[in-house]
Every structure is written in C-alpha cells, then in structure tokens.
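Open the model in your viewer and keep the selection tool at hand.

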Amino acid sequence: MANTFEVAVFAGDGIGPEITAPTVEILRRMADASDAYSLTFTDAAAGAAHYAKTGESLPESSMVAAKRADAILLSAMGLPDVRYPDGTEISPQIDLRKALTLFAGVRPVTVKAGQRTPLNMPEGKEIDFVLIRESTEGLFHTQGCGEVTENEARETLLITREISEKLFKFTFELAQSRKKAGRGKGRVTCVDKANVFRAFAFFRDMFDAEAAKHPELTADHAYVDATALWMVQKPWDFDVMVTENMFGDILSDLGAGLMGGLGLAPSADIGLENAVFQPCHGSAPDIAGQGVANPMAMILSAAMMLDWLGINNDNAGMIADGKRLREAVEDVVAEGRVLTRDLGGSAGTAEAASAVLDALFVS
Ligand code: ATP
C-alpha cells in the first residue's frame, strides 16, 4: 500500500493561519521522523477573507485539491463582517461537508486525570467517549430554505435509510476499533427521541439492524434529554454515541464544555471517500492576530487524521503516531504548566505548540 499521503490544508480565517502553521510543522516533524509514512501538504484557499478579496468563498481549484487529497486539514472559516449578499455567513466547511457527503461528524470527548473540568470528577474516573453526529441531513435538511410566512415557520427533519445505514456501519466499526485499541468498553448508544417522533423510531430500527451484526459489542438506546443529564452526571459511562444532526450539534458543545472549552475540542467529518479534520471552534476573530489562540484542538484534529489514515491504509506506524500525538497534547494539558489563556494560563500559541513538540521529541 502507498505510504505517501497528500493533505489539503485550509488555513482559513481569523486565528486559522496561526493554529495551522504549528500544526503542520508538528505533522512534518513526525512524518520526517517516521519510516512508516510521509506526508505532502497542499495549501487550499477558501473562506471569508478569500471571498472578500476575490468574490469566491470556495474556489474550484480548492475543491479539486480537497477531493484529490488523502485527507483534509481545516482550521476555521467565516468572519462576522464578511457575508454573502443575502446576509448569510461564509462557511465553505459546510459546503465541503455536503459536496463530499461527510455524514459522520466525529467528536471525541476526553478528560484525563488532572485536567481542568467544570465537573467534580470522582477519584479515579476519566472521561473518554466519542459522539458521532450525523452531519448531512436531520434537522439541517432545510438549512437556509425553511419556509417562513407571516404566521408560520417550517423546517423539515429528514432521516434517510441511505445515510443512516452508512452512519451506523461507521459507528459500530469505530466502537470495534476503539475496543481493539483498549480505549472503549465496546458500548454503542443510539441517542434519539423515538418515544415522540416516528422519524426517530425509524432511525432506531436501522441502528438495531446494524447492532444485530455486532454481537461482540453492547448496543443500547437513550433519549436525548436524558443523555444531556447523564453527560453531566456520569459521562465516564459512555463509549460511542450516535445521533441526529441537531441533537449532535447541541450535545457536542456540551462535550466541549466538559473538556473545559472549545480550545481542546477536535473533530472529524468523515464520508466514504473523504474526511475533513478540524477543531470544533470557529475563527475567533476577537483574538486573531495576537498569537494567543489555543492550538490544541487543531493539533488533536491532526492526531485524529493520522489515526484515520493509518486505519484506512493499514499503516500501524501512522496509528501509533496518531496516538502519540494525542497523548502528547493530553500530557501537556494535564500537567497544566503550559496553558493558553482560554484554559486559565498565559502561554501563547507558539509556546503551547512547542510544549507538544517537546513532549514528542525531547522527553
Ligand atoms: P462559529 O460560529 O464559527 O463556530 P463562534 O461564533 O461560535 O464561531 P468561536 O469563533 O469558536 O465562536 O469563538 C467563541 C469564543 O471562544 C471566542 O471568545 C473565542 O475567542 C474563543 N475561542 C475559540 N477558539 C479558541 C481558541 N482556539 N483559543 C482560544 N480561544 C478560542
């Protein structure tokens, strides 16, 4: 199998370029030190600043680069003051998600011993679960084209067999690979509202059909409202959760809150052919250009990228490097010596990124 991988890099807007540069540098250093794989990087222009300059938010050449690449690394896009003529925000990441049918939004939530969290963690407990948010349909189906009259507004929730079956297959495979890696208990939870909406009973039936193919895993169901409660009361019980787009949108921010904020929340949007790896946060224009942005969510997204490429290409060296990179970030954060302002520290972006490099190469 080939072991050279092309990464399309969207440096994006606001703090995007500031967190992209050190992340790419870390990936370069890791690939240079490995004989299991090498990486090439192709810069792809897109975003609000690019739109303001050229009138295009996602040029065709960038779309071609994204489709051709083995993986896509994206920081954040959009600026509050730059909008399309109809007033909507520039969000090429959503266009990419739709164009490449990236149905599985993967949001890991981890809180290691010693890490700051708003929860009172019982002694010996750590949080390590993954929330999978369906990312192409659900209540976002009519995004931007809901009907509004003087007295009524209507949006449509769409759940399709085509996407749901792919989503659940992906979910159970992820639970399997976590269990194999010794990270999860092999439990998959379908989060829905099947007691109220027929669409969610349909969703749940397809989940159950996939669960039946995986007797080695435990499958169960939870209503979304109860899930929000349990994510605060006993988040350490979860392993892999899968849910509809809007429910996932809300619960993944709750997950980021458990980790102490958006600066530590990575994500991946994965389809059958392509995948985008990007932090959960936006372009943070309020702190852009100051060198104080937290690069950790972006670096953790890059670790997810190595892991995904490694699993898909049967490359144990990449899987190991993905884990090594994630653990380097977790160690730096748990030690609490080098924390950026959003985590209560005073380190800048460069200092935080070098602490990760030190954890990888010096210690
Ligand atoms: P979007 O709608 O594009 O997701 P948003 O309006 O929800 O964006 P963000 O851009 O994510 O907001 O910023 C929310 C707050 O979090 C801001 O105060 C921002 O400065 C802060 N923030 C976001 N990302 C980071 C980061 N990497 N480091 C430090 N602070 C951050």
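How many residue pairs are in polar contact between domain 1 and domain 2? The count is 1 residue pair, with both residues at pLDDT 80 or more; a polar contact is a pair of N or O atoms within 3.5 Å, where within protein one must be able to donate a hydrogen and the other to accept it, and residues adjacent in sequence count only if both atoms are side-chain atoms.

This is a predicted model, in which local features need pLDDT of at least 70, side-chain atom pairs count only at pLDDT 80 or more, and totals for chains, interfaces and linings use all residues. Residues are numbered from 1 along each chain as its sequence is written, and side-chain values use heavy atoms, with hydrogens and water left out.

Select 1-100 together with 273-363 for domain 1, then 106-259 for domain 2; these bounds come from an automatic or database domain assignment. The domain centres, taken over C-alpha atoms, are 24 Å apart.

About 1100 Å² is buried between the domains, 57% of it from carbon and sulfur atoms. Buried area is the accessible area (1.4 Å probe) that two parts lose on being put together, summed over both. Now pick R97, M304 and E330, which supply 37% of the area that domain 1 buries against domain 2, more than any other three residues.
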